[in-house]
Amino acid sequence: MVEALLQSQPGLLNFGIFFLLATVLLLVVLGFVTYAILAERKVMGFMQLRHGPNQVGGRWGLLQTVADVLKLLLKEDTIPKLADRPLFILAPVIAFAPAFMVLATIPLTDHLQFADIGVGLLYYIAISGLTTVGVVTGGWASNNKYALLGGMRAAAQMISYEIPLVMSVIGVILFAGSLNLNDIVAAQDDQGWFILWQPIAFLVFIIASVAELNRTPFDLPEAESELVAGFHVEYSGFRWAFFMLAEYVYLFAMASLTTVLFLGGWLPPFDFLGFIPGAVWFALKFSVVIFFLVWIRVTFPRLRADQLMEFGWKVLLPVALANIFLTALVKELLKLF
Amino acid sequence: MLRTEEMLLNVGPQHPSTHGVFRLVLKIDGEIIKEAKPVIGYLHRGTEKLAENLQYTQIIPYTDRLDYLAAMTNNYVLCHAVETMMDLKIPDRAEYLRVIAMELGRVASHLVWWGTYLLDIGAVSPFLYAFREREMIINMLNELSGARLTFNYMRVGGVKWDAPEGWIEKVGEFIPYMREQLKGYHDLVTGNEIFMNRVKGVGRYTKEDAINYSLSGANLRCTGVKWDLRKDEPYSIYDRFDFDVPVQEGGDAWARYHVRLAELEESLKILEQAVEQFPKEGEILAKVPKIIKAPKGEAYVRIESPRGEIGCYIASDGKKEPYRLKFRRPSFYNLQILPKLLEGENIANLIAILGAIDIVLGEVDG
């Protein structure tokens, strides 16, 4: 349907449909983020001997996040006197917008995808890199020493970990022979899930993506016990919520990408289970990834800034590069036999 | 024109990882700390001066508020000082209750340290696990004294309350449970690669430094000095128990971590024996006059608190109030080495170094 619309003449009707679709996606994502936050808090609570939210919205705390967001909306909007005003206002938007933009290319099922572009993966990586700019801008514009330290750390970390992330994905691209996310899933239908073919790439990808998401053990930019709150220390109210939402939308995006690249997207694990719709499989795999990320967050302490850099450049990058070489070799050998 | 300059960074007094109202003024060059100046006194209440106008029994609640994580030892050091001056003989049952209360306090205090240190390093969960166990101890001490933190439990000549029925058995049941949990702690944290990287070789000092800065407790024993007042100058009834003094050679945060965790096990050993030997009957308070008057003269006693050597000096002119009271507060002395440790360090190590010292601001500020 989307294909046909893209080919048709531009007009008010098309615009209306696209606008509506985008709104629906936004609502779906926001709805998801609401419950992802709740799920994370519940799982963390379960692992940390706590209840988690259980007051607002029944005993499962179903409306807790809604109440939190409403509260943030109602809070006074404060901007420090000496802050760089335009940048301070712009930063949360720069951090937030790309988080939504990347979602367009994720194929949720074989039918449900908003933009089936040829270089989907490249698009994802390129756009997600923009968030760093927002974080650094926010840290700089706050005119706060802690925020500056956090912003600088964020820049260093996100750039250093983007490289192994991209390198680890190249192995998948070599196997699938395409940058299109749909083709990558289709390739897994023939060859089996890439987590089996690319275990090294998967490991590097997961580690690098946790670092990209700024989550424990790589949550240095907002290290609470050291930098108080890092780059968003001066933000409050809805500007702060934008940073927070961006983080969780990225969690959504990263988990989706992991599912698509390594866990076979919407494909069932065995053919005879094919009667269950793809969306269910996608949701299941996706939830496992999210659970895994929360699990990591609850278990590990935080790395130190210099150790983080060392690990990124001296361990992850060489491993990812070796993986590319290995993948190419395996692919050639497979061709021979 | 590009140039670099030193940055002045204020850490605290409102900072999540300074464990209270402690302030550090840092001069940093990039990420390297050039100079660190601790600023203390935000929680100063003048305990020592206040004590000069209070009767001895009235001073006890003030000691609760010094090291509020191990108030039992503070209670004890004051009572012990007065008892030494009065040359009192303490009933056995009271002594056992005191030792059990103090060792439970030591376990609780070390648990808080373990939890908050991991919180400083960035792991949230251990904090909650530690507090689960601490809560059980706090509840037991609550049953014993009627308060969760500020116990006001000990009196000159004994203790205020006898153990409620079944309490000793409860402590006995807690010991194997705690041992089991300790194994879990080691599994979760001790072998963690990230944790090891954060603490190994961090905040290292030598034996000489430790002695010159008059460090005590785990901060001293982590350099290989085997010095524990419970063993070397036994007070109360500590000479009746069989336990070790854990020592490490490293002198870094990693060694301090190990010393403290090993001390937990030794405390459990003492508790186990104390519960076993606990006398069935007996007085809990020696025969003391209604109004306690320390004889003219002076006395200094020192005991081993979870944080180190806590001392109490009393000068009395024979009245019911002390003429002068002075506490040697271990956190205050242990904190003195901090500027030396921080100089030239990376700012990322700041929290790991500060946390490993294990300070309680109530005690630092007195």
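## Sheet, helices and chain contact

Helices (H or I, at least four residues) and strands (E, at least two) are DSSP runs, numbered from the N terminus.

The model is predicted, and local features need pLDDT of at least 70, side-chain atom pairs count only at pLDDT 80 or more, and totals for chains, interfaces and linings use all residues. Residues are numbered from 1 along each chain as its sequence is written, while chains are lettered from A and ligands numbered from 1 in the order in which they are written.

In chain B, three strands form an open sheet in the order E6-E7-E8, and the pairing is antiparallel; two strands pair if DSSP finds at least two bridges between them. Strand E6 (297-305) and strand E8 (324-328) of chain B stand at the edges with a single partner strand each, so one side of each is left without a neighbour in the sheet. From one strand to the next, the twist averages 10 degrees.

Nine bridges join E6(B) to E7(B) in an antiparallel arrangement, and these strands form a hairpin with two residues between them. The bridge partner of B:Glu298 in E7(B) is B:Ala315. Strand E7 (residues 308-316) of chain B is joined to E8(B) by five bridges, again antiparallel; B:Gly311 stands opposite B:Arg328 in E8(B), and B:Tyr313 stands opposite B:Lys326. Seven of the nine residues of E7(B) are buried, so this strand is largely enclosed by the rest of the structure. Helix H3 (residues 71-86) of chain B lies across E6 and E7 of chain B and runs at about 150 degrees to E6(B), where axes are lines fitted to C-alpha atoms, for helices over the stretch in contact, and angles run from 0 to 180 degrees between N-to-C directions.

| Helix | Residues | Span, first to last C-alpha | Expected span |
|---|---|---|---|
| H4(A) | 85-101 (17 residues) | 25 Å | 24 Å |
| H13(A) | 278-299 (22 residues) | 32 Å | 32 Å |

A kink of about 25 degrees lies at A:Ala91 in H4(A), shortly before the proline A:Pro92; the bend at a residue is the angle between axes fitted to the seven residues ending there and the seven starting there. The buried residues of H4(A) include A:Phe88, A:Ala91 and A:Pro92, and among those of H13(A) are A:Trp281, A:Lys285 and A:Arg297. What covers the buried residues of H13(A) includes H2, helix H10 (199-212) and H12 of chain A.

The contact between the chains takes 23 residues from chain B and 23 residues from chain A, two residues being in contact if their C-beta atoms, placed from the backbone, lie within 7 Å.

Definitions and conventions
Expected span 1.5 Å × (residues − 1). Buried ≥ 20, exposed ≤ 12 C-beta atoms within 10 Å, placed from the backbone.
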